[in-house]
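Keep the structure open while you read.

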Amino acid sequence: MIPQFVKLLAYFCCFILTGKLVAQQPQVSRIITVRDGLPQSYVSGILQDQYGFLWISTLNGFSRYDGRGFKHYWHNSGDTTGMSSNIILHIMDVGNDQLLLCYMDGKLDIFNTESEKIIHLGNKLPFDRLKSESGFFKSLVTNNKGLCWMIASDGGINQIDIYHNNIEHFTASQLELKEPVSGLAFQKEQLFILTQTLLSTRKKITGAAQTSYYPFSIVKASNFKSGNFYSPWIRENGELIISDANGIIIWNPASHTFKQLSLPRKTGSAKLIAHSNDTGNYFFEYNGGVYIIRPDDSIVPLLPATESVKGSPTSMYIDRSGVLWVGTNGYGLRQYNLMKFGMPGYTNQHSFVMDVLSHYGLAPQYATQTFLRNSVPFANRTATRKEMVWIADVHHQTPDPQLVLFANKMLSVKTFLRDDAAGKSETHSVKFISYDQNGLLWGIDQLAHLLQFNTDKLTFTVYPKINLEPVNEINGLVPGGENIFYISNPNDLVKFDASTGVTESLTTSLPSKDLLTISNDPDDKEVLWIGTLSDGLIRFNKSTRKTQVYSIATGLPNNTIYSIIPVSDHELWCSSNKGIFAFNKKTADIRSFTSRDGLIDDEFNRYYYMMLPDTSLAFGGPMGYTLFKPGALQVDEFDPTIALTDISVSNLPQLPGSLARLKELRLTHNQNFITAEFAAMQFDVPDKIRYRYQLTGFDKNWVMTGNENKASYTSLPPGDYTLLLNASNTSGKWSSHVRSIHIIIAPPFWKTWWFYLITGITLCVLIYLFLHARIRRIKKAHARQLQFEREAGELHAMALRAQMNPHFIFNCLNSIKALIQEKQDTKAIKYLTTFVSLIRKQLNNTNNQVKLTDELQTCRLYLELEAMRFDERINFHFDIAEDELVKQVMVPPLIVQPVIENAIIHGLLPREEGGWIDIKVHSKNNQVICEIKDNGIGRAAAAKLKEKSSLLHQSKGIHLLEERINLHGLINQKFNSLETTDLYHSNGQPAGTRVIIKFNTNYD
């Protein structure tokens, strides 16, 4: 802020002579009234808070101003949380984002600018005295720590403690003063109390005082009781500026010296309405106008009262951007730009070129001596080099082209003759002219012939015709190197080689075909700049044919580019339908100027541009033109802060906390429609401020909105974002201040990690329960099936037993029959006795399983029967291990007997001498192994005997045995096996058969 006011002081030094303003001075840039949103036209107070907002009090409410609109606060009857009244006489910044509102009825409120909440300072008895003291509210001073002091009507002081909601009154005698208090000030922890004759300085109102008597007298106003007072401003050097009825007194208490500045008032008021800046300039009201006391004590009539500006100042404030705000007594709020005196604008008188040259210094008599006097406004084309400006008229057609030369502020017509005899009868209308880098002047005629002008010999050379789409106008001709030219018309851009006559169209490489102007880049010979009708500014690389477009979307004030003039400092000056602007090629920054800066109009025209010999630039349009030097223009260097003025979120009626300090928003998935409004805290020309925003995590680049200060997003997906808000100053320079808001949109619960986790766990549990239930069902079904199979197996086993038992009985009975037939009664009786024992044992065994030992006992009885039957031709031996496992194992009944029977019938009986059977039982690895071994003829010989036998009976014993063993294993879930092996002697002769039955005692 300080450098800006240093500039301001420099401007005053330039414009002020002998104490009077004789040159350009600030004018009212705006008068804000009720029509613009001001709540009332009497403005009683103006302040700027730490965030940059202006707070304005009136006699009908209180408002916050952001440069674009007002937010109003009013007293509502019955609302105990709102303002105490609408008639506000004074506002004061008391620190900590708090304003003191002083009402006409003597009430006081504390307004928090951040939370926008009101604290009433109470209706206690001490505050009742303020009902008659409201006329002295403007004398309030504060230490910004909760204490305020104001003059009382009895000449004393009221001390207001805003934090403890209390007020104390001190009379002049209590303050050890012999005169009424007429002024108050506070600086550097010291309270300054003024009377008409002395200054009393103290740290506490009732504390020790340092008294200084004036070496002068203060003239008291006659209407002091109506609220006039003398409040000084204290300079950094300790000097006091005191206003009385006759003028200004500047007094140094330390040196006891003073200076009287006579300013007699037309009215008797001595009330001081003033504001100072940081460079020592003191702005104050005088006779309805605004004056300045400068650091050298000189008085400058900055804004004297005039008939055109109505109303007397009632409040005054200078904001951080250098804008002076003056509130008036019923005529609204005046705005003065102290830093910018605008850009010159002039109305059209003749054609553009004639007006510019006349303004530049062309003598009037020369204007009527050339064809320029008859030129229409848009018909002239110019080319400038050093001290010369060549001018052509596109409608002036002759065999020998004529150009006008402007040099040394004079005009002269130059006729050029063709340098060869051919084509003498041809006429030429020069459609465009341009200089190349070697200082040669070139032109192009109506038939698209390139013309080279020799300005020394006044001759011209015609080159082959350029293959250019036939049009009535050429809007660009720029050299691109030795014999290379780039020519444009509204529909085409071509490259022409004058040495070969070859024309190459470049239009297909461009993003737009509505061309208005072209210009070389003086810093990069490979770059051509192209202005378009509606697509902005194009940067075209001549070698690569690549383009880059700059438009409103990237920050340009307008997409219509009528003209381009390159200047130093990497800037291009362009005219448009939104004023003129400077474009920085390196940074893409914009400095924009419009009618708000003094231009006659915002709309400019094509062909209304030229550079003058002193590097001044001229641009024109339908209403007028401007002429300026780019380096002499004021540049707005103010760096505005960005304030969030409003934000709305779907399904969120009220945001938590205040907007001023809003840093983060945590939203739900259905709160994803967000609209934010923001403003740059620069108030001189709000229409020139440009805005942009970006939502990181969503936008890849800045979103340019021009002067629109709103960012909107709809249907944002859940995520983590940061909303960035930024604005430019009035010159187009982007502020370094970026307002950021962290936005977190939570996903719906069904898209959260914990939901996924719970869902996964639940799914796993459900799958487990399903599988568990399924397995249980399968097991139950399997168990039922096993039970069914077991029952079926048992039935089948019983059926097999039913087959086995008759077979065995049949064989035994046959043996007894044979004994009886052979008259062997004794053997028959013994046999029968043993048979009865065996049958009894079998009848007693009704279970499906018996112990193996019982089964072996049955086999022993059977062998005894068979040995008796065959006259002791059969010998047998049992070898049973004394093993608990052998004793406990359960087997199907008659499971071993069929093997023994088979060994006897098919193995031993075919032998004449008989044979032996060896039964061995033992356990191994949870198995009980029963081995039956005989020395019979073997299975091969037995099979041959069967083939020769004529017996009809076919033995089924072994087959039934195998089925029973398998059924036993199935029913009891055990693996049992039967294995038969043929035995041989060492010479290969059969030696018998071995059968091994294994009973598994474990489940498989």
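**Notes on the model**

1. Let's begin with Asn287, which is partly exposed, with a relative accessible area of 23%. As for the words, buried means under 20% relative accessible area, exposed means over 50%, and partly exposed is in between (1.4 Å probe, protein chains only). Asn287 sits in the loop between β25 (282-286) and β26 (289-293). Its phi is positive, about 50°, although Asn287 is not a glycine. That deserves a look, because most residues other than glycine have a negative phi.

2. Some housekeeping before we go on. This is a predicted model, where local features need pLDDT of at least 70, side-chain atom pairs count only at pLDDT 80 or more, and totals for chains, interfaces and linings use all residues. Residues are numbered from 1 along each chain as its sequence is written, and side-chain values use heavy atoms, with hydrogens and water left out. Helices (H or I, at least four residues) and strands (E, at least two) are DSSP runs, numbered from the N terminus.

3. Is Asp297 buried or exposed? Asp297 counts as buried, at 14% relative accessibility. You'll find Asp297 in the loop between β26 and β27 (299-303). Asp297 has a positive phi of about 75° and is not a glycine.

4. Now for a sheet. Four strands make an open sheet in the order β4-β5-β6-β7, with antiparallel pairing. At its edges are β4 (43-48) and β7 (70-73), each pairing on one side only. From one strand to the next, the twist averages 20°. For that angle, axes are lines fitted to C-alpha atoms (for helices over the stretch in contact), and angles run from 0 to 180 degrees between N-to-C directions. Two strands count as paired if DSSP finds at least two bridges between them. Strand β6 (residues 61-65) pairs with β7 over four bridges in the antiparallel sense, and Ser63 stands opposite His72 in β7. In general, strands of a sheet pair through backbone hydrogen bonds, either parallel or antiparallel.

5. Here is another open sheet to click through. Four strands follow the order β47-β48-β49-β50, and the pairing is antiparallel. The twist averages 20° from one strand to the next. Four bridges join β49 (residues 537-541) to β50, and the two run antiparallel.

6. How many residues of strand β57 (residues 624-628) are buried? Five of its five residues are, which makes β57 mostly covered. Gly624, Thr626 and Phe628 lie on one side and Tyr625 and Leu627 on the other, and both faces are covered. In a regular strand the side chains alternate between the two faces of the sheet.

7. Stay with β57 and check its partners. Strand β56 (residues 617-620) pairs with β57 over four antiparallel bridges, and a hairpin joins β56 to β57 through three residues. Strand β31 (residues 346-347) pairs with β57 over two bridges, also antiparallel. Tyr625 in β57 is the bridge partner of Gly620 and of Tyr346.

8. Helix α7 (residues 852-869) lets you try a quick sum. The expected span of a helix is 1.5 Å times one less than its number of residues. The 18 residues of α7 should therefore span 26 Å, and the end C-alpha atoms are 25 Å apart, which agrees. Buried residues in α7 include Leu852, Cys859, Tyr862 and Met868. After α7 comes Asp871, with a positive phi near 55°.

9. Next, Asp128, which is in helix α2 (residues 125-128). At 33% relative accessibility, Asp128 counts as partly exposed. Asp128 and Asp105 are 23 residues apart along the chain, and their C-alpha atoms are separated by 9.9 Å.

10. Last, Phe749, in the loop between β65 (739-745) and α5 (753-821). Phe749 is partly exposed, with a relative accessible area of 47%.
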